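Please open the model in your viewer and keep the sequence beside it. The tour below goes from one selection to the next.

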Amino acid sequence: GDGHDAGEAGAAGRDCGGDDCDDGDAGVSPEAVEVCLDGVDGDCDGIVDGLARLEAPLRVSALPGSGQDPGIAWTGSEYGVVFESEAGGDSDLYAWTLDAEGDPVVHGEPYLTGDAYADRTPRHVWTGSLYLVEWMKETLIGGNPRPWLMRWDEDWIEVGTEGRMRSDTWAAYSMDVAWTGSAMAACWTQGGPNMAVACNVFDESGAALWPADTVVDAPDPGWSAGDPSIAWSGSEFAVAWSVEPAASDFGDSYVVRMAADGSGIGTIRGIAPSVASYAEAPQVEWAGAGWALAWYETDDMSVDDARLEIADAALAAEGASVAVSEAAGTSVMPVLAWTGSEVVVLWNDMRAGLFEMQIYCRTFDGSGAATSGDVRVSATADYSFLPTAVIAGHEIGVAWTQMASTNDAYFARLGFCE
C-alpha cells in the first residue's frame, strides 16, 4: 500500500478496515489537505474537492438594518459589494470592498449616491480598471424607476457622471448584467402596456453599443415578461425570462440566444416544468461547452423545487433536468455561476420553514451530475434571501439580504478546499 496501512503511521487502508480511501496513493488519506479542483477526494471525506463556507458570514451594511439587495464583483484581488440602504433617509447605494480573505478594506467613501431620489437593485461588473454599476433610480419622488449607469474606480471614486441608460418614459424594474470581456450587457424588465424584457450593451465609457434596445416580449397578448437573466458564451448571449398571464401570479419561462449585435439567433425556447405546473425565475449561464439553465417549479406554493438543466450551445437540452437540492420541495429562486469546470447553484431554501429561509449552495459538473452535497451559506435562523455570486479563482463570493426585524447585506466565501 501507500504506507497508510493498519499498524503503520497514518490512516488504515479500507482493505484493512481503516478509512484511507485510496491505499495506492500516498497523497490521499484522511490526514491529507484537499487539493483544489484536482478531481481527487484527497482527504477521504467522500466529496471530490469539497465545498464549504470558509468563515462566518460578515455583515457589510455598516448600520444594522440598513442594507439589502446586494450585487457582487471580483477585481482579481478584491470583492466589491454594492447594496441599497435607507441609512440616509431614502434609498441610496453604498459599497464595501473586501480583500481575498473576506476582510473589509477601507477604500474612500462607500456612500455612492445621495440625491433626493431612491436608488435600488444595483448590479455591477469589474472591467479591469473600474466598476460599471447599473441600478434603478426613481427619478421623481414616488415615481417610476429608470435604469441608471455610473462608473467608479477601485477606491469607489466617481469616474465621470451618472446618467440614464434609456430616454423613453417607461418604468424599469429587475435587472441582470454580464461582462463580455470588453462591454457590459444588461437586461431589465421594461414597463408599458405589457411588461417586456429589454437588453442593451454598454462599453467601458457607459455608451450604449446597440442603436436600440433589443426587446424580448411575452409570447401571448396580455402576458407580462420579467425577471431577466443574461449570460455570455464568448461569442453570443443567452437571455432567459419568465412570463405571467394577467390573471395569475405564476407562469412559464423562456430562453433565447442573441448575437453580439442584439439580433436573435434561432427561436424562443420554452422551459418545460417536470414536477409541477409552472417554471419560474429562470437563470442562464455559460458552462464551457453549452448552457446551464436553472429555474424553480411550483404549483401555487404547494411544490417548490429548483431544477438544473444542461443544454448544448444551441440551447437544446442534453438530458432531463435534475433537482438542485438534496431536500425535496424546499428550493426556490436559483442563481448560477460557472467556475471553469463546475456549475455553482445557490438558492433560497425553506427546509427550516417558510419564515426561516436560508441560502444554500451545491455544485455540479458539466454534465449535470452533482459534485457536492447541499452546503448552507447563511448561518443564523434569520430570514436570508436574494443571493448573488461571483467566482474568485478557486472560491465563490456570495452576497445576500438577511432579515431579522430589518434588512442587512451579508457576505461569505465558499471554497473547494478545507
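Begin by selecting Leu386, which is partly exposed, with a relative accessible area of 34%; here buried means under 20% relative accessible area, exposed over 50%, and partly exposed in between, with a 1.4 Å probe and protein chains only. This is a predicted model, in which local features need pLDDT of at least 70 and side-chain atom pairs count only at pLDDT 80 or more, while totals for chains, interfaces and linings use all residues. Residues are numbered from 1 along each chain as its sequence is written, and side-chain values use heavy atoms, with hydrogens and water left out.

Leu386 lies in strand β27, residues 383-392, where strands (E, at least two residues) are DSSP runs numbered from the N terminus. Although Leu386 is not a glycine, its phi is positive, at about 55 degrees. Most residues other than glycine have a negative phi.

Next, select Trp156, in the loop that sits between β9 (145-152) and β10 (158-164). Trp156 is not a glycine either, and has a positive phi of about 60 degrees. Is Trp156 buried or exposed? With 5% relative accessibility, Trp156 counts as buried.

Finally, show the open sheet of four strands, whose order is β19-β20-β21-β22 with antiparallel pairing; two strands pair if DSSP finds at least two bridges between them. At its edges are β19 (278-286) and β22 (322-323), each of which pairs on one side only. Between β19 and β20 (residues 291-298), which run antiparallel, there are seven bridges. To look at one pairing, select Glu285, whose bridge partner in β20 is Ala292.
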